[in-house]
Amino acid sequence: MDETIIDLVDLTKKYGSFTAVDHLSLSINKGEVFGLLGPNGAGKSTTILMMLGMTDPTSGTAHICGIDSTKNPIEVKKRVGYLPEDVGFYGDRSGLDNLIYTARLNNISEKEAKVKARELLKRVGLSEAIEKNAGTYSRGMRQRLGLADVLIKNPEVIILDEPTLGIDPKGIKEFLRLIIQLSKEEGITVLFSSHNLHQVQQVCDRVGLFVNGKLIAVGDIRSLSQRLFADSPYSIDAGINLSASDPKIEKLKEKLSTVEGVTNVNMKDNKFHLECSRDATTEIAKTIIESGFDLNYLNKKEYGLDEIYYRYFEGGDEHE
Ligand code: ADP
Ligand code: MG
């Protein structure tokens, strides 16, 4: 059975009359990689701070590993590794020393800390920079050091606030790969906030869409897309060697529209564009070939986070 590890109930944060986080309820299961996705100002960082007990909610509760974050922030911090948007290190100390320092703060013995710090630095790809001062690290290197820093205390949960901001594309890819690896190999629960949907889509099991302090939708990409594109979640392009003006096209078009699940058929140039309520790829291919046409290519597209994100933001209204 799924075990809830992060449990937010009706969490609300007001700054004066402004509501930064508005009655947010969310449960995240152990071992999940969860993406908190939303534009700047949506309330992601504020939510994270409440989860960690670093700011008190106006109302509602946050529990992590069964512990109330507001009442017992110290116990929560023991179990959670947090990488803030802007992580600070001692610039005049080496990456290794910075990690050993964190380990000491977490009551890890000097001996164990040294071994572990080296092992972690290797793991996050900083072997070459172990002895270099953290002040000389690039943004990407600092974020990797940040990841090693949150891992050194063996957290059950890691919370990363916009961890890929300012890293170059190659660095981002490696960083995201590292997150997936950690979660899978060590069963660590990861909460990852970002305004970048592509990154979230690459790594997260589930996503929460966050706008104006409200969580407007939660689910895996597939179920979100099915809910939003309930009528036609699949779109299929089929290239054939006839042009739209050919008289034979009408008959094929008719046939294609009778294929189960096909909701719309259009033809332009040498291409059919079909919208479908289910994956009808095989039947579409068969229909075209059995009608005596050459199929040049077939391209299936399932709606991804891009379409979901923009549909929510364009619509601007709430969906449950
Ligand atoms: P995100 O991390 O999604 O970009 P934040 O949680 O940082 O969003 O901010 C949510 C909203 O709350 C923003 O409009 C921000 O200006 C406001 N806010 C955040 N912190 C404070 C604060 N300490 N005082 C007043 N307003 C704040
Ligand atoms: Mg933020």
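**View 1. Cys 65 and the cysteines of the predicted model.** Cys 65 is partly exposed, with a relative accessible area of 22%, where buried means under 20% relative accessible area, exposed over 50%, and partly exposed in between (1.4 Å probe, protein chains only). The closest cysteine sulfur to that of Cys 65 belongs to Cys 204 and is 19 Å away, too far for a bond. Cys 276, at 0% relative accessibility, counts as buried. Across the whole structure the search finds zero disulfides, a disulfide being a pair of cysteine sulfur atoms within 2.5 Å. This is a predicted model, in which local features need pLDDT of at least 70 and side-chain atom pairs count only at pLDDT 80 or more, while totals for chains, interfaces and linings use all residues. Residues are numbered from 1 along each chain as its sequence is written, chains are lettered from A and ligands numbered from 1 in the order in which they are written, and side-chain values use heavy atoms, with hydrogens and water left out.

**View 2. The magnesium ion (ligand 2) and its protein donors.** Ser 45, through OG, and Glu 85, through OE, are the protein donors of the magnesium ion, lying 2.0 to 2.7 Å from it; donors are N, O and S atoms within 2.8 Å of the metal (3.2 Å for Na, K and Ca), and sites may look incomplete because water is not among the atoms. The pair links distant parts of the chain, 40 residues apart, with Ser 45 in helix H1 (residues 44–51) and Glu 85 in the loop between strand S6 (80–83) and helix H3 (95–105). Helices (H or I, at least four residues) and strands (E, at least two) are DSSP runs, numbered from the N terminus. Ser 45 is partly exposed at 25% relative accessible area, and Glu 85 is also partly exposed, at 34%.

View 3. Among the polar contacts (pairs of N or O atoms within 3.5 Å), a backbone N or O atom of Gly 41 lies 2.7 Å from an oxygen atom of ligand 1, and a backbone N or O atom of Lys 44 lies 2.8 Å from an oxygen atom of the ligand.

Definitions and conventions
Polar contact = N/O pair within 3.5 Å; in protein donor to acceptor, adjacent residues only side chain to side chain.
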